[in-house]
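Here's a quick walk through one protein model for anyone meeting it for the first time. Have a look at the structure, then read on.

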Amino acid sequence: MTFEEKTLSSEIIYKGSIINLRKDKVSVKNGTSFREIVEHGGGSVLAALDENNNMIMVKQFRKPLNRVVLEAPAGKIDPGEDPLETAMRELKEETGYTAAKVSFLTKIYPSVGYSEEALYLYLCQELSGGEPCFDENEALDIEKYSIDELYRMVMSGEINDAKTIIIVLFIRNLQLEGKLL
């Protein structure tokens, strides 16, 4: 039987602009223990498909990995913002595109062992082009890839960003089921 931990006390250890770190004292099967939990407001991840079903991707330097990473466009949810609003805002900011058709795919929790972060995945179709308006600290390259190429890159380990892997697999499945425009 699964033992459900109860929070006995909670303390914010670090408060930042993107994440907070909380330390919870919890009841466990044999007494008490501590859990360090990253608080994050969540984000939206986008599978933006052009008229040829090529997926719009971004490349950006990611300091935690100290390298450039190929990713699906994504961004954090602002306080009080709906995840769909985040998706539309981030699509425009990062790629310049707007979408006439947006469909919710799923909600994921990328790191359940230490974070409460939730990511909302969306399919964006019927795109109209425009100019990106990057955040002041963003430097992105925008590229297009076929779904087949992205799938190959996921399966060969060339793409290893978890949110991107998941959204590529979702889109590949929709493609195989004949459910894309």
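Which residue just after α3 takes a positive phi? That's Gly-178, with a phi of about 70 degrees. Keep in mind as you look around that this is a predicted model.

**Helix α3**

α3 runs over residues 162–176, 15 residues in total. From its first C-alpha to its last it reaches 21 Å, close to the 21 Å expected at 1.5 Å a residue. Several of its residues are tucked away: Lys-163, Thr-164, Ile-167, Val-168, Ile-171, Arg-172 and Leu-174 are buried. These residues cover an arc of only 160 degrees around the axis, so they sit on the same side of α3.

Now hop over to strand β6, made of residues 67–71, where you'll find Glu-71. Is Glu-71 buried or exposed? With a relative accessible area of 2%, Glu-71 is buried, because the cut-off for that label is under 20%.

What does Glu-71 touch? Leaving aside its neighbours within four places in sequence, its contacts are Met-57, Val-58, Gln-60, Arg-62, Asp-161, Lys-163 and Thr-164. With Arg-62, the side chains are joined by a polar contact of 2.7 Å.

Lys-163 is a partner too: Lys-163 and Glu-71 form a salt bridge, with their closest N and O atoms 2.5 Å apart. Since Lys-163 lies in helix α3 and Glu-71 in strand β6, this pair ties together parts that are 92 residues apart in sequence. Both Lys-163 and Glu-71 are buried.

**Salt bridges elsewhere**

Side chains of opposite charge can pair when their charged atoms come close. How many salt bridges does a search of the whole structure find? The search turns up 19, and three of them are set out here:

| Pair | N to O distance |
|---|---|
| Asp-24 and Arg-22 | 2.9 Å |
| Lys-163 and Glu-71 | 2.5 Å |
| Arg-89 and Glu-93 | 3.6 Å |

In the Asp-24 pair, Asp-24 is buried and Arg-22 is buried as well.

The Arg-89 pair sits within helix α1, residues 83–95. Arg-89 and Glu-93 are four residues apart there, so about one helical turn separates them. Arg-89 counts as partly exposed, at 21% relative accessibility, while Glu-93 is buried, with a relative accessible area of 13%. Both residues also belong to a network of salt bridges that links Lys-76, Asp-78, Glu-81, Arg-89, Glu-90 and Glu-93.

Notes:
Residues numbered from 1 in each chain as written. Predicted model: local features only at pLDDT ≥ 70, side-chain atom pairs only at ≥ 80, totals over all residues. Heavy atoms only, no water. Helix = DSSP H or I, 4+ residues; strand = E, 2+ residues; numbered from the N terminus. Expected span 1.5 Å × (residues − 1). Buried < 20%, exposed > 50% of the residue type's maximum accessible area, 1.4 Å probe, protein only. Arc of directions from axis to C-beta. Polar contact = N/O pair within 3.5 Å; in protein donor to acceptor, adjacent residues only side chain to side chain. Contact = heavy atoms within 4.5 Å. Salt bridge = Lys/Arg side-chain N within 4 Å of Asp/Glu carboxyl O.
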